[in-house]
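Student: I have a structure to look at today. Can we talk through its pockets?

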Amino acid sequence: MPRLPVLLAAVATVVAGLAVRGLWDGPVPKYAGDALYTALIYALVVLALPRVRPWVAAVGSAGLSWAIEFAQLGEIPAVLRPLLGSTFNPPDLLWYAVGAAAACAAHILWARRRSP
């Protein structure tokens, strides 16, 4: 997959995450942020490995997000808490899967659109 569209998708994901946090309160920005966090990881995986299959990028990004969430059961160093969080929250696991699935679907649709 060409890197420029993936880079633009990553930037749009960050902008969407900031917008959601700025526009809403409560659970909407929290869980949307979880899904967008994993979608950003997905984009970074595709940037690093442009030929990666969508399902592999989805499993990898969800797996990394879940690993970070489970790491919160232990002690996260204070300097990393803004990036990795500090409190384990089981519903986050679902929203990470949603973000990975949405990014995977967008990747597949983009690839089909670009194919002759």
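Tutor: By class, 12 nonpolar, 8 polar and 6 charged residues make up the lining of the largest pocket. This is a predicted model, where local features need pLDDT of at least 70, side-chain atom pairs count only at pLDDT 80 or more, and totals for chains, interfaces and linings use all residues. Residues are numbered from 1 along each chain as its sequence is written, and side-chain values use heavy atoms, with hydrogens and water left out.

Student: What makes a residue count as nonpolar, charged or polar?

Tutor: Ala, Val, Leu, Ile, Met, Phe, Trp, Tyr, Cys and Pro are nonpolar; Asp, Glu, Lys and Arg are charged; the others, Gly among them, are polar.

Student: Which residues lie nearest the centre of the largest pocket?

Tutor: R21, G33, D34, Y37 and L83, out of 26 lining residues. Lining residues have an atom within 4 Å of a pocket point; on a 1 Å grid over the protein atoms alone, a pocket is an open set where a 1.4 Å probe fits, with protein on both sides within 12 Å along at least five of seven lines.

Student: Which element gives the largest share of that lining?

Tutor: α2, with 8 residues. Helices are DSSP runs (H or I, at least four residues), numbered from the N terminus.

Student: How much space lies in the second largest pocket?

Tutor: About 370 Å³. A volume is the space filled by probe spheres set on the points, joined across faces, edges and corners. Closest to the centre of this second largest pocket are A9, T13, A39, A103 and A106.

Student: How many charged residues line the second largest pocket?

Tutor: None: its lining has 16 nonpolar and 3 polar residues.

Notes:
Helix = DSSP H or I, 4+ residues; strand = E, 2+ residues; numbered from the N terminus.
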